[in-house]
Structure formats: structure tokens, C-alpha cells
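This report goes through a single protein chain, from its overall make-up to individual side chains. The sequence and the structure come next.

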Amino acid sequence: MIPHLTTALNGPLLDLERRMLDAQPTIEHWFRSQWAERTIPFYTSVDLRNSGFKLAPVDTNLFPGGFNNLNPDFLPLCVQAAQSAIEKICPEARGVLLIPENHTRNTFYLQNVAQLALILKRAGMNVRIGTMLPEITQATKLALPNGSALTLEPLQRKGNRLALDKFDPCVVLLNNDLSAGVPDILKDLEQTTLPPLAAGWTTRRKSQHFSAYDRVAAEFAKLLDIDPWLINPYFASCGQVDFKQSSSEECLAMHVDSILQKMRMKYAEYGVKEAPFVIVKADAGTYGMGIMTVKDASEVRSLNRKQRNKMAVVKEGMHVSDVLVQEGVYTFESINDAVAEPVVYMVDHFVVGGFYRVHTGRAVDENLNAPGMHFVPLAFDTSCILPNPDCAPDDMPNRFYAYAVVARIALLAAALELEEMEA
């Protein structure tokens with residue numbers, strides 16, 4: 001059963017979607033020229049927000065962990081995209097070593113790992129899963145909630161290569177975002193490592209990504225003759241914040257106030273009646289940690305102890321000193337009266353599906369990546385790459401095409417970001 005999806009449009013987004021439909025040949029030609037010039041991340045997921053007057057990415061993940069939430073009907077798309085990616089990166093590849101996160105108690109995440117392994121196997125690879133957990137000293141089989149099982153094996157380092165028992169892979173695929181740092185066992189490998197180590201949160205910053213997105217979105221907006229703000233959130237970064245010391249938050253408050261002022265001008269220009277808000281979040285990190293919604297700079301200056309503690313530390317105990325202040329984008333999409341946001345998945349430069357992140361306990365101006373969320377894959381009952389010009393611009397195939405366009409702009413930004421980091 002496909003869930004009922006309700007979207008309230010209350011602004012210029014219909015015109016934006018119509019422009020995308022009318023310009024599809026131009027858009028796809030532009031993307032093809034971009035793919036030819038860039039090295040594309042192996043896989044990516046992009047969190048989008050649709051406010052009815054704006055459609056923009058709010059996060060781009062280079063170690064996506066939700067392949068088990070995709071519509072199973074789109075498995076062939078994933079397999080074909082994986083084949084294309086591996087052929088470009090390592091044409092002789094036969095064996096892939098998949099390295100997941102260390103939290104083996106999260107069985108939903110492990111189902112993602114199992115689905116990734118399945119995609120790679122169907123793409124013609126020999127796939128085994130290696131772990132850096134010290135307590136796993138031999139092949140260990142883990143049962144999963146869906147009735148399947150996963151076998152984790154201890155990683156071995158042999159010279160400049162990673163191996164498992166009787167397995168010498170051509171490619172190392174990381175599904176671990178390296179929040180805790182790059183362990184020595186992964187350094188200076190002669191094997192192709194995907195994504196590159198520089199993509200991990202040890203070195204990567206969200207502000208770098210959105211700086212790259214700023215440039216790519218501006219080029220795309222010029223192509224379609226649109227206001228880039230319609231697909232691009234304002235942002236600023238603030239370094240050396242110490243949430244334990246209130247005196248360091250003046251920089252943060254200043255950026256919050258600046259972005260809110262710019263948003264008020266845009267809201268007035270487009271007749272938007274909602275109150276602007278910003279999202280303050282750790283510049284490095286994931287899992288929806290270290291995030292808060294702010295509607296006035298005074299809120300940053302008056303954080304209580306609980307709020308400070310929540311913002312000060314993120315995944316793997318990383319202390320937050322660099323902060324991203326990002327324009328908040330409302331989500332006016334809902335499924336069964338619960339707030340929802342689309343997440344689009346890509347392998348290589350191909351859109352392979354998506355799902356809705358849904359939260360019954362969060363509001364339209366809050367982060368949905370939080371405990372209590374669930375996922376609705378079958379809302380994406382049609383592909384994101386097959387718009388129908390005979391339908392209205394906000395019908396599902398065309399809405400999903402708009403999602404795919406903006407997600408691929410974020411993918412291009414990620415490619416540019418990685419190129420600059422490696423340089």
C-alpha cells in the first residue's frame with residue numbers, strides 16, 4: 001500500500017518545478033557535461049526540505065546508511081549504478097571489502113549494510129564485511145530483524161593492503177564516516193578506498209560543502225534564469241565556539257541575526273508569511289546530533305545547561321567547536337498527518353531512489369533526524385528520473401524529478417568539495 005502524501009504549496013515552487021520540466025533537455029545536458037569533468041562520490045544521500053516556496057538541500061551524506069529503506073523495486077537501479085561506478089574506478093575489481101560503523105547493536109543500520117552487500121553482489125562483486133571492533137576476533141554471524149543474517153570478520157593489515165582470511169580485495173568501501181578519526185589500519189593503503197579518507201568527519205566540514213553548493217547552485221540558477229535562493233539556503237560558519245563558555249557565543253548570535261535579516265528580506269520579496277528560523281548545528285558530524293532551531297539571536301545567548309551540553313558533544317564524543325548556522329527551510333510535506341522530508345539516494349551520478357523521513361513528534365521547523373523517526377520507502381513508488389510532461393508539475397513523477405535535480409546539484413557540490421579537499 002502506498003501511503004497518502006499531502007503537500008501544501010503556497011508559493012513560487014510550482015513555477016520552479018514547471019521550469020525544470022520545460023528545461024529537462026537543457027538540465028540533463030548540463031549534468032552530463034558536469035559528470036564528464038568531475039570524479040563523483042561512490043554513493044551519496046541528500047536530505048531535502050520542501051517548503052512550498054523553496055526546495056533546498058539541508059544535508060549531504062557521503063557515507064549513507066539507509067539503503068534498507070529504499071523501495072525494493074528499485075534494486076535493479078542500484079545494481080546498474082554500482083556496476084557503472086566500479087567499472088570507472090577499478091575496472092578489474094572482483095572483490096570488495098565493506099567496512100561498516102562499529103555500532104553492531106543497531107540492527108536497523110546492519111540491515112543497511114546487508115542491503116549494500118546485496119547490491120554489490122548483484123553487481124558481480126565478491127563481497128565480505130570487515131570490522132574494526134577489537135572484540136570480534138573471528139567470523140561472527142549476526143541475526144537481523146528481517147530474518148536475514150550478516151557475517152562480520154576481523155580486519156587484517158598486510159603491508160599496505162587490507163585483507164580478511166583468504167580474501168584480498170581490490171576495493172575498500174567505507175560505510176563508516178570516521179567521526180572518531182582515521183585509524184592507522186586504514187592509512188596509506190594501496191587499494192582504492194571509497195569514499196576517500198578525506199570525506200570522513202575528521203576533516204570534512206558542512207560549511208565547505210555548502211560553499212561548493214553555493215557555486216554550483218548559482219551556475220544552475222543562471223542556466224534556468226531563476227533566483228538561486230529558491231534552491232539554496234543561506235549559511236555561515238563560526239569557528240572556536242565553546243558551548244561551555246557563554247562568552248564565546250557572540251559570534252554565533254551575530255551570524256544568526258545576519259541570516260535572519262537576509263531571510264526576512266527574501267520572505268518579504270516572495271510574500272512568505274511564516275516566521276524565519278535558522279538551524280544551528282555542528283559543522284562536522286552526523287546522526288542528527290548537535291542541532292537546534294533558533295528564531296532569534298537572543299536564544300543563542302540564553303542557552304540553559306541542558307541545551308549547552310546537548311550542543312557541546314556529538315557522535316563518538318567529538319567536542320563541537322565549529323558550528324554551521326544555516327537558513328531553516330520549512331517542510332510542508334506530511335504523510336498520515338506526520339511531518340515528512342524526502343531523502344534522495346544516489347550511486348555514482350545515478351539517482352537510485354529515496355524515502356521519506358517521517359516524525360510524529362516534530363514540527364515543520366524542526367530537525368527530523370531524531371529518535372522517534374521512521375521511514376516510508378513506498379511513498380517513492382515511481383522513479384525520480386522519469387518526469388511526465390502531461391501531468392501537473394506537482395504530480396508525483398514531476399515532484400520527484402525536481403527532488404532528483406536538486407539532489408544532483410548537491411552531488412556535484414560534493415564532488416567539487418572532495419576535489420578541493422584532496423588538492
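How many aromatic pairs does the count come to? The count comes to 17 aromatic pairs, where rings of Phe, Tyr and Trp (its six-membered ring) pair if their centres lie within 6.5 Å.

## Basis of the model

This is a predicted model, in which local features need pLDDT of at least 70 and side-chain atom pairs count only at pLDDT 80 or more, while totals for chains, interfaces and linings use all residues. Residues are numbered from 1 along each chain as its sequence is written, and side-chain values use heavy atoms, with hydrogens and water left out.

## The chain as a whole

The chain holds nine helices and 19 strands. Both are DSSP runs numbered from the N terminus: helices are H or I with at least four residues, strands are E with at least two. Of its 423 residues, 55% count as buried. Buried means under 20% relative accessible area, exposed means over 50%, and partly exposed lies in between (1.4 Å probe, protein chains only).

The accessible surface comes to about 17700 Å², and carbon and sulfur atoms account for 50% of that surface. The areas come from the Shrake-Rupley method with a 1.4 Å probe; for residues, only the protein chains shown count as cover. Among contacts between residues at least 6 apart in sequence, 70% join residues at least 24 apart, a contact being heavy atoms within 4.5 Å.

## Asp348 and its surroundings

Asp348 lies in the loop between strand 17 (338-347) and strand 18 (350-359). Asp348 counts as buried because its relative accessibility is 2%. Leaving aside neighbours within four places in sequence, Asp348 is in contact with residues including Ile40, Pro41, Phe42, Lys88 and Leu411.

The side chains of Lys88 and Asp348 meet in a salt bridge at 2.9 Å, N to O. This pair links distant parts of the chain, with Lys88 in helix 3 (residues 75-89) and Asp348 in its loop, 260 residues apart. The Asp348 side chain also makes a polar contact with the side chain of His349, at 3.0 Å. A polar contact is a pair of N or O atoms within 3.5 Å; within protein, one must be able to donate a hydrogen and the other to accept it, and residues adjacent in sequence count only if both atoms are side-chain atoms.

## Other salt bridges

Side chains of opposite charge can pair when their charged atoms come close. Here a salt bridge is a side-chain nitrogen of Lys or Arg within 4 Å of a carboxyl oxygen of Asp or Glu, and the count comes to 20.

Asp22 forms a salt bridge with Arg18, the closest N and O atoms being 3.8 Å apart. Both residues lie in helix 1 (residues 13-22), four residues apart, about one turn of the helix. Asp22 is exposed, at 57% relative accessible area, whereas Arg18 is partly exposed at 29%. Arg161 and Asp168 also meet in a salt bridge, at 2.9 Å, N to O. Arg161 is partly exposed, with a relative accessible area of 23%. Salt bridges that share partners join Asp47, Arg49, Glu341 and Arg357 into one network.

## Aromatic side chains

Which residues form one aromatic cluster? The members are Phe42, Tyr43, Phe67, Tyr345, Phe355 and Phe375.

A charge sits over a ring if NZ of Lys or CZ of Arg is within 6 Å of the ring centre and within 35 degrees of the ring normal. The charged end of Lys206 sits over the ring of Trp201, 5.6 Å from its centre. Lys262 lies over the face of Tyr234, at 4.6 Å from the ring centre.

## Backbone features

Most residues other than glycine have a negative phi, and most peptide bonds are trans. The peptide bond from Leu194 to Pro195 is cis, with omega near -20°. Pro195 is placed in the loop between strand 11 (192-194) and helix 5 (206-224).

Lys166, although not a glycine, has a positive phi of about 60°. Lys166 is found in the loop between strand 9 (161-163) and strand 10 (171-175), and is exposed at 80% relative accessibility. Leu178 is not a glycine either, and has a positive phi of about 60°. Leu178 lies in the loop between strand 10 and strand 11 and is buried, at 2% relative accessibility.

How values were computed
Phe/Tyr/Trp six-rings, centres within 6.5 Å; stacked < 30°, edge-to-face > 60°.
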